[in-house]
Structures are given as structure tokens and as C-alpha cells.
Amino acid sequence: MAETRDVVELILQDHRRMEDLFRLMRSVEADRAAALREFADLLTAHALAEEAEVYPALKRYKDIDDEELEHGEHEHDDGNRALLRLLEVAEVGSEEWDSALEALVEAITHHTDEEERTILNGARENVATQRREELGVAFLQERERRLKEGSGSVENVRRIVNG
């Protein structure tokens, strides 16, 4: 992946990595538990960084719909609940695992598709490159901080969901 500081491109890179991790979590040949750990950390750190650094900044732009941003935050909640259900499944690869994984895939795919079409396209069209780069640096710093905290642990996801 090319090095970029553009917040739109950084978010898109995370979305593509999440899709790769979904493929691994579905694969009987992959280390599905490891893929889930990476996914849980990435998803929670990504969403928390968006909510802390990106969404509040984008609310200041009149051409970016506040309702879409609020909807995105609600979808983060849905994704966190689906993630918690999967993290709480005892046996990787069981019927319960597969069912919880598909619910997670559906929640996250719905959110990333919507976010890319509405919020990110709006940001690309209405926010200057320099500002997108400033937001990208802030997003990366917050995301990295959350990753170091182990944001995807079952205990932390439970705290986020019950918050």
C-alpha cells in the first residue's frame, strides 16, 4: 500500500484490510482466531479514531450531511455488538461461530459501503487535500494509540458496547 496521509485513503485501506480478514475468518485453512484478533483490534481502533478525530471535524463542512455522520456512529455500535457476539463464541468454526461471523460481515459491509458512498465521497469532494492530510495524521495517531491499548479485547469491546 502506498504511504498516504489522506484520511479518506487511510480509511479505505482499513476497509480493504477488514475485507481480507473476513476472507481469512471464513477460511478453514487460515488461523481464524488470529484473524479475528487482528480484526477486532483494527475495527475498534478504526471506529474509535473516526469518532474522535474524523467525524467531529467533518461535521463542520456544510456539504457533508450530519445525519450521515450520526448514522455512521450508530452503525459503529451495531458493528461492535456483532463483534462482541463473535468474540464470545467459544469454538472457532462452530455453527454458532459461522452464524455470528456472517452477522458481523453483514453489519460491517453495510457500514463501509454506506460510509464510502456518502461520508468519504463527501470528504473527498469538499475537504481540501491539506485538511484531509491533517485529519489523516490525527486519525492514525488515535488509531495507533487504541491499537496499543488492545482495543479489540473482549473486555474492551464489552465496555464499548455497554458504555
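Student: What is the accessible surface of the protein, and what share of it belongs to carbon and sulfur atoms?

Tutor: In this predicted model, the accessible surface amounts to about 8600 Å², and carbon and sulfur atoms hold 45% of it.

Student: What share of the 163 residues counts as buried, and what makes a residue buried?

Tutor: A residue is called buried when its relative accessible area is under 20%. By that cut-off, 44% of the 163 residues of the protein count as buried.

Student: Which pattern does the protein follow along the sequence?

Tutor: The pattern reads α-α-α-α-α-α. The protein has six helices and zero strands.

Student: Why is the protein called as compact as a globular protein of its length?

Tutor: The globule rule gives 15 Å for 163 residues, and the radius of gyration of the protein is 16 Å; this value is close to the rule, so the protein is as compact as a globular protein of that length. Along the principal axes, the C-alpha atoms fill a box of roughly 45 × 30 × 25 Å.

Student: How do helix α3 and helix α6 pack, and what is the handedness of their crossing?

Tutor: Helix α3 (residues 66-87) and helix α6 (residues 154-162) pack at an angle of about 145°, and their axes lie 9 Å apart. The crossing of α3 and α6 is left-handed.

Student: Which residues make this contact, and how do they divide?

Tutor: From α3 come Asn80, Arg81, Leu83, Leu84 and Leu87, and from α6 come Val154, Val157, Arg158, Ile160 and Val161. The residues of this contact divide into seven nonpolar, one polar and two charged.

Definitions and conventions
Residues numbered from 1 in each chain as written. Predicted model: local features only at pLDDT ≥ 70, side-chain atom pairs only at ≥ 80, totals over all residues. Heavy atoms only, no water. Axes fitted to C-alpha atoms, helices over the stretch in contact; angles between N-to-C directions. Helix = DSSP H or I, 4+ residues; strand = E, 2+ residues; numbered from the N terminus. Left-handed = near helix turned anticlockwise from the far one by under 90°. Contact = heavy atoms within 4.5 Å. Nonpolar A, V, L, I, M, F, W, Y, C, P; charged D, E, K, R; others polar. Rg over C-alpha atoms; globule rule 2.2 N^0.38 Å. Buried < 20%, exposed > 50% of the residue type's maximum accessible area, 1.4 Å probe, protein only. Areas by Shrake-Rupley, 256 points an atom, 1.4 Å probe, with all protein chains shown as cover.
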